[in-house]
Amino acid sequence: MHASVAAGLEGIVGECGGSAMCATCHVYIPVDEQARRSFPAVSAVEEAMLDSAAAERTSESRLGCQLSVTDSFDGLEIRLPERQL
Ligand code: FES
């Protein structure tokens, strides 16, 4: 989320600054890619916020602010929801 906002990427709002309190950093990452790249599991707080996201929650939904960019993101295709607010 921080990298996206700093780069001016349209579609990531990050209203709460990364505190997992707004769900305006909702992204879609293919589940098989999450497993293959060993992403951290969804926490209870992230679960609750994803349920309140403006766009449809799917099995691919994650909060961008709860993911740290590492080399494991190399080549990863992340989709954005139609709306964040
Ligand atoms: S920036 Fe608010 S939940 Fe991620």
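**Surface, fold and one histidine**

Modeller: To begin with the surface, the chain exposes about 5,100 Å², and carbon and sulfur atoms supply 50% of that area (Shrake-Rupley method, 1.4 Å probe; for residues, only the protein chains shown count as cover). This is a predicted model, where local features need pLDDT of at least 70 and side-chain atom pairs count only at pLDDT 80 or more, while totals for chains, interfaces and linings use all residues. Residues are numbered from 1 along each chain as its sequence is written, and side-chain values use heavy atoms, with hydrogens and water left out.

Colleague: Which pattern does the chain follow along the sequence?
Modeller: The chain has three helices and two strands (DSSP runs, numbered from the N terminus: H or I of at least four residues for helices, E of at least two for strands). Read in sequence order, the pattern is α-β-α-α-β.

Colleague: Is H26 buried or exposed?
Modeller: H26 sits in strand β1, residues 26-28. Buried means under 20% relative accessible area, exposed over 50% and partly exposed in between, with a 1.4 Å probe and protein chains only. Because its relative accessibility is 0%, H26 counts as buried.

Colleague: With which side chain does the side chain of H26 make a polar contact?
Modeller: A polar contact is a pair of N or O atoms within 3.5 Å; within protein, one must be able to donate a hydrogen and the other to accept it, and residues adjacent in sequence count only if both atoms are side-chain atoms. At 2.8 Å, the partner of the H26 side chain is the side chain of S61.
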